[in-house]
Amino acid sequence: MDVATDDVVAPAADPASGAGTSALAGALRLAMGRIVRRLRQAHAVGDLTLSGASVLARLSGSGPDSPGALAELERVRPQAMAGTLAGLEQRGLVSRAPDPADRRRAIIAITEEGRAVLERRRSESADRLARALDGFTPSERQALADALPLLDRLAEQL
């Protein structure tokens, strides 16, 4: 069986053992990859890229920031961030202004149009996830809710 397909089912593993940790890591990668791919497939062609959506979400939640800081926070090269920001700026989703403390530096902020696009995207994804979660039992939904803090912590450590 090809490990890159969606048909892979993770074996039960003891996460306390080294082999169990590796199996758990592989199973998490596959499951998260499937979820992300399927959510991405639901968005229209020409919609935000995943990196664009992530930058908009960060600016919406944390406020304006410099391109360099955004690159560091998103863990991408400054050149990659420059491309992402150029696309967002061209679409009017972010604005660029000189830093009042250092006019050579730019500060990027989300625009109202950027907030609206981000909210529509969140709503579409959340609605799709909610419809899928309707097929889960209350205890299964609670198990997923209980795992969220661990998944957030895992994301921060990657």
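A: Buried means under 20% relative accessible area, exposed means over 50%, and partly exposed lies in between (1.4 Å probe, protein chains only). This is a predicted model, in which local features need pLDDT of at least 70 and side-chain atom pairs count only at pLDDT 80 or more, while totals for chains, interfaces and linings use all residues. Residues are numbered from 1 along each chain as its sequence is written, and side-chain values use heavy atoms, with hydrogens and water left out.

Q: What percentage of the 158 residues of the protein counts as buried?

A: Of the 158 residues, 22% count as buried.

Q: How many helices and strands are there in the protein?

A: Helices (H or I, at least four residues) and strands (E, at least two) are DSSP runs, numbered from the N terminus. Here there are 6 helices and 2 strands. Along the sequence they follow the pattern α-α-α-α-β-β-α-α.

Q: In which sense do β1 and β2 pair?

A: Two strands pair if DSSP finds at least two bridges between them. Strand β1 (residues 94-98) and β2 pair in the antiparallel sense, over 5 bridges. As one case, Ser-95 has Ala-109 in β2 as its bridge partner.

Q: What follows β2, and where is Thr-111 found?

A: Thr-111 is found in the loop between β2 and α5. At 17% relative accessibility, Thr-111 counts as buried.

Q: How many salt bridges does a search of the whole structure find?

A: A salt bridge is a side-chain nitrogen of Lys or Arg within 4 Å of a carboxyl oxygen of Asp or Glu. The search of the whole structure finds 6. Among them is the pair Arg-58 and Glu-74, whose closest N and O atoms are 2.6 Å apart. Arg-58 lies in helix α2 (residues 50-62) and Glu-74 in helix α3 (residues 67-74), so this pair ties together parts that are 16 residues apart in sequence. Arg-58 is partly exposed at 28% relative accessibility, whereas Glu-74 is buried at 19%.

Q: With which residue does Arg-96 form a salt bridge?

A: The partner of Arg-96 is Glu-89, with 3.1 Å between the closest N and O atoms. Arg-96 is partly exposed, at 40% relative accessibility. Glu-89 is partly exposed too, at 31%.

Q: How many residues apart are Arg-115 and Glu-112 in helix α5?

A: In an α-helix there are 3.6 residues a turn, so residues three or four places apart point the same way. Arg-115 and Glu-112 are 3 residues apart in helix α5 (residues 112-133), which puts about one helical turn between them. Their side chains meet in a salt bridge of 3.7 Å, N to O. Arg-115 is partly exposed, with a relative accessible area of 36%, and Glu-112 is exposed at 62%.

Q: What span does helix α6 reach from its first C-alpha to its last?

A: The expected span of a helix is 1.5 Å times one less than its number of residues. Helix α6 (residues 138-157) has 20 residues and reaches 30 Å, close to the expected 28 Å.

Q: Where in α6 does a kink lie?

A: The bend at a residue is the angle between axes fitted to the seven residues ending there and the seven starting there. In α6 a kink of about 35° lies at Leu-148, shortly before the proline Pro-149.

Q: What is the phi of Arg-75?

A: Most residues other than glycine have a negative phi. Arg-75 is not glycine, yet its phi is positive, near 60°. Arg-75 lies in the loop between α3 and α4 (78-90). Its relative accessible area is 54%, and Arg-75 is exposed.

Q: Is Pro-78 buried or exposed?

A: Pro-78 is exposed, with a relative accessible area of 54%. Its place is in helix α4. The C-alpha atoms of Pro-78 and Gly-68 are 6.1 Å apart, with the two residues 10 apart along the chain.
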